[in-house]
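Welcome! Let's take a walk through a protein model together, one part at a time. Keep the 3D view open as you read.

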Amino acid sequence: MANLNPVIEEGWKNVLSDQFNASYFAQLKEFLVEEKSHYTIFPPGSQIFNAFNFTPFDKVKVVLLGQDPYHGPGQAHGLCFSVAEGIAKPPSLQNILKELNSDLGFSIPASGNLEKWAKQGVLMLNATLTVRAHQAGSHQNKGWEIFTDAAIKALAQQREHLVFILWGNYAQAKASLIDDTKHLILKTVHPSPMSVTRGFYGCKHFSKTNEYLRKHGIEEIDWNPQ
C-alpha cells in the first residue's frame, strides 16, 4: 500500500508524474499505510489504480465519474459503479443497467462487472480511490481528489472529443474542469434510489455518447456488459 505509484499505466504515469512527486501524495500514502494498519481498506491495494490500468490515457473516449468506492466486502475493484465478479449488484448499479436496457435494449446481466466498458475506453473514475470498510466517504479530503482532478484536467486539456458523464451534484461540480467547446458533457441526477426517478431514467446517456463519438469519427462503445 505504501508503494502506490509504480502500478499505473505508462501513459498515465507520464501525465501524472508531478502528482506522484507532490507533497500531498506523500501524505496520502502515509495516511493509507496508517489506515491499513487499523482497518480493512477497499479496494485491495493491487486494484486501486484499475481505472487507469484498464483504460490507458491515449485510449480514453468516455469519462464516467463516481464519488467513492463501494465499501462492502468484495464489492470495489477500482472501477466506479462496477462490482467484482460474483458480487450482488448495489441499487445504483441496478438502476444504471435498467436505464441501459431502456436506452439500448441490452438485457440486464447477472454480473455487475463492467470491465468490458473500461477496456473499450470508458475511464470509470471515482474521485476518491479508496475507502474504509463500511464507512462511506471515510477517505475523502485526504488528497485523492487533487489527484483525480489532475487526471480529469489532463484529459480535458490534452485530448479532444471526449464524453464526460456526470451523474449527481458531486460529479457535476467537476464540469468546471472541462472545456465544453472541445468535449461533450452529459449531466443528470445520480442513479441512486433517492434520485433516479428525477431524470436519470430516460436520460439516454449511453446512446447520446455513441452518437457524439460517431459524429467525430470515433469508434462507438459496445455498452452491452455481457
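## Strands that pair up

Two strands count as a pair if DSSP finds at least two bridges between them. Keep that in mind as you look at this predicted model. Strands β5 and β6 run parallel and are joined by 5 bridges. Within this pair, Leu 166 stands opposite Lys 187 in β6.

Now turn to β2 (residues 62-66), which also runs parallel to β5 (residues 163-167) and is linked to it by 4 bridges.

In what order do the strands of the open sheet lie? The order is β3-β2-β5-β6, giving 4 strands with parallel pairing. At the edges are β3 (122-126) and β6 (184-188), each of which pairs on one side only. On average, neighbouring strands are turned by 20 degrees against each other, with direction ignored.

A helix packs on this sheet: α7 (residues 144-158) touches β2, β3 and β5. The direction of α7 makes about 150 degrees with that of β3.

## Inside strand β5

Is β5 largely enclosed or open? Buried means under 20% relative accessible area, and 5 of the 5 residues of β5 are buried, so this strand is largely enclosed by the rest of the structure.

In a regular strand the side chains alternate between the two faces of the sheet. You can follow this in β5, where Val 163, Ile 165 and Trp 167 point one way while Phe 164 and Leu 166 point the other way.

## A buried valine

Look next at the loop between α4 (50-54) and β2, where you will find Val 60. Val 60 has a relative accessible area of 0%, so it counts as buried.

Which residues does Val 60 touch, leaving aside its neighbours within four places in sequence? They are Trp 12, Thr 55, Gly 121, Leu 123, Leu 155, Arg 159 and Leu 162. As for Glu 115, it is 55 residues from Val 60 in sequence, and their C-alpha atoms are 14 Å apart in space.

## The largest pocket

The largest pocket holds about 610 Å³ of space. Of its 35 lining residues, Gln 67, Asp 68, Tyr 70, Phe 81 and His 190 are the closest to the centre.

β2, α5 (91-104) and α8 (169-172) each supply at least two residues of the lining, and α8 gives the most, with 3 residues. Sorted by class, the lining has 17 nonpolar, 17 polar and 1 charged residues.

## Backbone details to look up

Most residues other than glycine have a negative phi, and most peptide bonds are trans. With that background, find the bond joining Phe 42 and Pro 43: it is a cis peptide bond, with omega of about -10 degrees. Pro 43 sits in the loop between β1 (41-42) and α4.

Asn 141 is not a glycine, but it has a positive phi of about 60 degrees. Asn 141 lies in the loop between β4 (131-132) and α7 and is exposed, with a relative accessible area of 69%. Lys 204 is not a glycine either, and its phi is positive at about 55 degrees. Lys 204 belongs to the loop between β6 and α9 (205-215), and at 36% relative accessibility it counts as partly exposed.

Note on methods:
Residues numbered from 1 in each chain as written. Predicted model: local features only at pLDDT ≥ 70, side-chain atom pairs only at ≥ 80, totals over all residues. Heavy atoms only, no water. Axes fitted to C-alpha atoms, helices over the stretch in contact; angles between N-to-C directions. Contact = heavy atoms within 4.5 Å. Buried < 20%, exposed > 50% of the residue type's maximum accessible area, 1.4 Å probe, protein only. 1 Å grid on protein atoms, 1.4 Å probe; cavity = no way out; pocket = protein on both sides within 12 Å on 5 of 7 lines; lining within 4 Å. Points joined across faces, edges and corners; volume = space filled by probe spheres on them. Nonpolar A, V, L, I, M, F, W, Y, C, P; charged D, E, K, R; others polar.
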